Amino acid sequence: MSDVYEITIWARGVVQDMEGRHMTLIMASSADKDGKFVQAWDDYADLPDRVGVPLRKYVRISDEEIEMRYEYENKNPSLVVIMDDTIVKGLNILWGMDKGGVLVVNSKRSPDEILKFIPNKDLLSKIICVDAEEEFSMEGLDFMGSEGGVEVSAVGAGISAVLAGAACHGTDNLTIDSLVAVSANKEGAKAGYESAVVKDL
Amino acid sequence: MSKKYCEKFNIPKHLQVPLGAVLPANKKENKGMITGNWRTVRPVIDHEACTLCLNCFLFCPDATWHLDEKEEKMVWNADYCKGCLICENECPVDCISAVNELEFKGGVVRLEKPF
Ligand code: SF4
Ligand code: SF4
């Protein structure tokens with residue numbers, strides 16, 4: 001089987017559910033635009049979500065057709081995105097990661113402050129922090145379409161674009177140009193890419 | 001509120017909260033239902049201002065607050081508080097405030113999986 005690049009996104013239940021799903025969709029669409037094979041889906045194991053419950057969302061990117069079709073969990077993520085920084089205290093967010101992975105955190109705090117809360121940080125080769133709420137306020141956005149199969153609002157209109165923009169520093173599988181092209185929040189995606197604090201470990 | 005408690009703390013009759021049933025308090029914690037990792041903010045109590053009215057204890061959906069009768073102060077349990085802030089809302093003297101969870105080193109509830 002070809003090498004599949006796995007991305008796991010951790011979001012807070014209900015309040016970040018839609019943005020988390022949108023992040024998987026824009027990441028997958030942008031890689032698709034770059035000619036890759038992709039998969040993007042929500043987790044089954046963590047549902048039904050309730051407000052604040054940590055949830056996972058997944059993306060797979062590959063140069064060849066992805067054969068892992070009936071596995072609904074990324075067992076070996078190379079990139080992990082944390083949509084709310086307090087999740088680092090509640091879970092082993094690097095679960096399944098091999099040495100050399102990348103972590104993207106939505107936080108006002110510096111990479112060093114976040115690393116203090118990650119006991120298995122030696123797995124990481126890079127940490128990227130971006131203050132997505134600073135770059136794009138979620139105020140006034142509704143959570144419509146939080147459960148549905150059809151997106152009732154534009155995809156990637158909120159902080160998902162900012163965080164996905166920042167994640168472009170973490171892997172060659174995501175390119176900022178394609179990401180901007182597929183996101184509704186184009187300014188946000190660019191701002192996320194530019195304002196990301198990247199620390200190599 | 002128990003009669004003993006009302007007498008001990010001189011709770012006037014009109015402030016005594018009637019209970020529908022008196023059940024023994026939980027003695028065991030259910031480690032299979034940890035909700036502490038839902039929390040983004042935590043309720044921080046100002047013990048000086050707290051009047052031990054027990055509102056937080058009564059309203060908390062996760063039975064997170066209890067009264068330490070010896071020390072005469074409220075005790076909070078980091079493993080189960082989900083940060084809903086109902087207690088902050090219900091405290092009559094506003095002595096509970098919400099503080100971002102990452103301001104604290106402790107209270108880590110690091111599970112392998114969400115559930
Ligand atoms: S924030 Fe909610 S769960 Fe936590 S102690 Fe207060 S009422 Fe209980
Ligand atoms: S509700 Fe407020 S005053 Fe009453 S016991 Fe709780 S913290 Fe103290």
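How many salt bridges does the count between chain A and chain B give? The count is two, where a salt bridge is a side-chain nitrogen of Lys or Arg within 4 Å of a carboxyl oxygen of Asp or Glu. The structure is a predicted model, in which local features need pLDDT of at least 70 and side-chain atom pairs count only at pLDDT 80 or more, while totals for chains, interfaces and linings use all residues. Residues are numbered from 1 along each chain as its sequence is written, chains are lettered from A and ligands numbered from 1 in the order in which they are written, and side-chain values use heavy atoms, with hydrogens and water left out.

The secondary structure of chain A consists of seven helices and seven strands; helices (H or I, at least four residues) and strands (E, at least two) are DSSP runs, numbered from the N terminus. Read from the N terminus, the order of elements in chain A is β-α-β-β-β-α-β-α-β-α-α-α-α-β. Chain A has 201 residues, of which 58% are buried. Here buried means under 20% relative accessible area, exposed means over 50%, and partly exposed lies in between (1.4 Å probe, protein chains only). The accessible surface of chain A is about 8,400 Å², and carbon and sulfur atoms hold 50% of that surface. These areas come from the Shrake-Rupley method with a 1.4 Å probe, and for residues only the protein chains shown count as cover. Among contacts in chain A with a separation of 6 or more, 70% are between residues 24 or more positions apart, a contact being heavy atoms within 4.5 Å.

The interface between the two chains was examined next. In chain A, 25 residues are in contact with 22 residues of chain B. Together the chains bury about 2,000 Å², with 57% of this area on carbon and sulfur atoms. Buried area is the accessible area (1.4 Å probe) that two parts lose on being put together, summed over both. Thr86(A), Lys89(A) and Arg109(A) supply 31% of the area that chain A buries against chain B, more than any other three residues.

On the side of chain A that touches chain B, β1 (4-12), β3 (54-62) and α2 (87-90) each supply at least two residues. The largest share, three residues, comes from α2(A). By residue class, this side of chain A holds twelve nonpolar, four polar and nine charged residues. In this division Ala, Val, Leu, Ile, Met, Phe, Trp, Tyr, Cys and Pro count as nonpolar, Asp, Glu, Lys and Arg as charged, and the others, Gly among them, as polar.

Over all chains, the count comes to 17 salt bridges. In one of them, Arg12(A) pairs with Asp84(A), with the closest N and O atoms 3.2 Å apart. Arg12(A) lies in strand β1 and Asp84(A) in the loop between β4 (79-82) and α2, so this pair ties together parts of chain A that are 72 residues apart in sequence. Both Arg12(A) and Asp84(A) are buried. Arg109(A) forms a salt bridge with Asp85(A), at 4.0 Å between the closest N and O atoms. Arg109(A) is in the loop between β5 and α3 (111-115), and Asp85(A) is in the loop between β4 and α2, so the pair ties together parts of chain A 24 residues apart in sequence. Arg109(A) and Asp85(A) are both buried.

Two further parts of chain A concern buried residues. Asn106(A) lies in strand β5 (residues 101-106) and is buried, with a relative accessible area of 4%. The side chain of Asn106(A) reaches the backbone nitrogen of Ala132(A) at 3.0 Å. Beyond four places in sequence, the contacts of Asn106(A) include Ile82(A), Asp84(A), Ile159(A) and Leu163(A). Ile159(A) and Leu163(A) are among the buried residues of α5(A), a helix (residues 159-167) in which nine of nine residues are buried.

Conventions: Polar contact = N/O pair within 3.5 Å; in protein donor to acceptor, adjacent residues only side chain to side chain.
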